[in-house]
Amino acid sequence: MTVIPSIKRDYLSKLAEQGKRADGRKFDEYRKIEIETGVVSKAEGSARVKIGNTQVLVGIKMDVGEPYPDSPESGVLTTAAELVPLASPDFEAGPPDADSIELARVVDRGVRESGVVDLEKLCIEPEKVWIIFIDIHILDHDGNLFDAASLASLAALFTAKIPAKRFELGEKDYPLPLKDPPISCTSVKYNGVVVLDPSLDEDQIAEARLTVATDKSGDIRAMQKGLSGSFTKEEIKKVIKASIDNGEEIRKILDRSIGK
Amino acid sequence: MKSDIKLIDSHGKRLDGRKPDELRKIKIEAGVLHRADGSCYLEWGGNKVLAAVYGPREAIPKHTQNPLKAIVNARYNMAAFSVEDRKRPGPDRRSREISKVISEALEKIVLTEKFPRAAIDVNIEVLDAEAGTRCAGLTAAGVALADAGIPMRDIPVACAAGKIDGQVVLDLGKEEDNFGDADLPVAISPRTGEILLLQMDGHLTLKEFDKALDMATNGCNIVSDLQKKAIMDKYKSVLEVE
């Protein structure tokens with residue numbers, strides 16, 4: 001660890017011992033969330049999500065193409081994340097690195113495995129299906145990119161319209177076939193405390209990270225543990241509980257932004 | 001590319017109802033990103049562009065450093081969802097060229113000799129594209145540089161002129177760019193009128209070129225006022241808070 005992160009680490013650890021966080025939040029308190037949809041007119045669907053100072057923009061593009069050989073009757077979903085150097089002095093231009101691949105894959109799993117998009121309904125005819133591209137663009141990095149990216153992806157999906165007219169496959173564009181989404185909540189651990197919705201400094205000194213996606217009925221739909229530290233069983237249970245509680249609040253914000 | 005589309009109607013109005021010497025609607029906001037040293041969000045017609053400046057900071061890798069002055073690295077990037085058919089993420093030949101000409105235009109205006117061995121990184125992200133993104137990008141970069149407090153001789157600004165249906169017009173829109181006869185993006189230093197960037201494709205006579213260049217320069221001057229207003233607006237509110 002270089003000098004500045006270790007100073008931050010000491011500072012945040014000392015605060016944590018007094019039960020405090022640098023920005024005055026409680027350990028299980030989320031930052032303010034703002035969602036704005038339909039921000040990119042060229043995209044089939046788009047959303048900008050702010051969590052505190054973190055800003056993420058997601059755009060959905062669609063195309064007609066061939067399905068995967070092992071699932072000839074389902075549409076295709078691909079997720080890509082770009083950590084563009086605009087968002088942070090530490091991001092570099094170039095091909096996606098491990099961090100952006102992990103970010104894209106965690107978001108992808110949250111959307112795919114929980115069956116938010118009914119891919120089977122995206123089959124147009126044998127060997128011809130809709131392809132959905134979810135492109136995640138990080139604009140301003142102030143921690144907790146996982147939650148911001150998944151929330152923006154959901155908001156963009158829920159406001160997207162299949163461009164049937166442009167591909168001459170129908171008279172009118174229509175919404176994607178979607179089900180109730182799971183909501184992701186991320187916590188990190190440092191110096192023995194677990195905090196929800198890490199800020200950038202907390203992200204940088206974190207020893208372990210856990211993202212939990214929970215659905216409307218409070219069941220777990222996807223999880224990802226990251227970094228080299230470890231969690232105890234009790235900590236994991238606490239994280240899941242916090243994720244369910246906050247997930248409910250976030251779901252309300254999401255529903256409001258997509259006009260539900 | 002020729003087509004039957006009529007770009008100017010019998011009343012001299014263009015497809016989007018503009019007069020020949022009228023700009024699209026422009027909105028500029030300075031200081032929109034938290035992490036960057038300076039930033040700008042700009043809407044120009046259907047274009048939406050973000051620019052962020054980092055630096056001056058140590059140039060990495062080391063062999064890119066210049067012992068006498070700073071280097072200016074502009075990076076123009078289009079979001080995958082910014083165009084009709086999804087663009088593959090990452091730089092292609094077009095965006096590399098645009099990055100290069102914008103870097104060179106900015107290098108002329110920044111007081112690079114004040115920061116030997118440093119790099120000033122200017123990141124331009126095109127979020128929504130509709131003809132004239134390089135002008136929008138350079139204009140946003142100018143505001144972001146000012147917002148970052150980078151010493152400059154002037155605030156650079158860009159605007160395009162072109163020719164449609166045989167007539168010289170200001171600031172081409174989407175169809176005008178696709179089906180028009182010529183496009184001439186120009187960046188200037190508004191204080192001195194020096195030309196920092198100039199590209200052209202299509203077909204212009206000498207006379208038409210003169211007219212188009214004058215028109216583009218006038219456009220630049222109008223946009224320049226908007227840039228200054230955006231910067232004033234940001235710092236005015238800071239002053240009031242304090």
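Guide: Quick ground rule: helices (H or I, at least four residues) and strands (E, at least two) are DSSP runs, numbered from the N terminus. This is a predicted model, where local features need pLDDT of at least 70, side-chain atom pairs count only at pLDDT 80 or more, and totals for chains, interfaces and linings use all residues. Residues are numbered from 1 along each chain as its sequence is written, with chains lettered from A and ligands numbered from 1 in the order in which they are written.

Visitor: At about what angle does helix H1 of chain B run to E4(B)?
Guide: Axes are lines fitted to C-alpha atoms, for helices over the stretch in contact (C-beta atoms, placed from the backbone, within 7 Å). Angles go from 0 to 180 degrees between N-to-C directions. H1 of chain B, residues 93-109, lies across E4 and E5 of that chain, and its angle to E4(B) is about 145°.

Visitor: Which strands stand at the edges of the open sheet of 5 strands in chain B?
Guide: The order there is E1-E2-E3-E5-E4, with mixed pairing. An edge strand here has a single partner, so one of its sides has no neighbour in the sheet. That describes E1 (26-30) and E4 (71-78).

Visitor: What radius of gyration does chain B have?
Guide: Along the principal axes, its C-alpha atoms fill a box of roughly 55 × 45 × 35 Å. The radius is taken over C-alpha atoms, and the globule rule is 2.2 Å times the number of residues to the power 0.38. For 242 residues that rule puts a compact globule near 18 Å, and chain B agrees, because its own value is 18 Å.

Visitor: Over in chain A, how many bridges join E9 to E10(A)?
Guide: Both belong to an open antiparallel sheet of 4 strands, ordered E10-E9-E11-E12. A:Lys189 stands opposite A:Val194 in E10(A). E9 spans residues 183-190 and runs antiparallel to E10(A), and the bridges joining them number 4.

Visitor: Which strands of chain A each supply at least two residues to the side that touches chain B?
Guide: The contact takes 28 residues from chain A and 26 from chain B. On chain A's side, the strands meeting that count are E3 (54-65), E4 (76-82) and E6 (128-140).

Definitions and conventions. Two residues are in contact if their C-beta atoms, placed from the backbone, lie within 7 Å. Two strands pair if DSSP finds at least two bridges between them.
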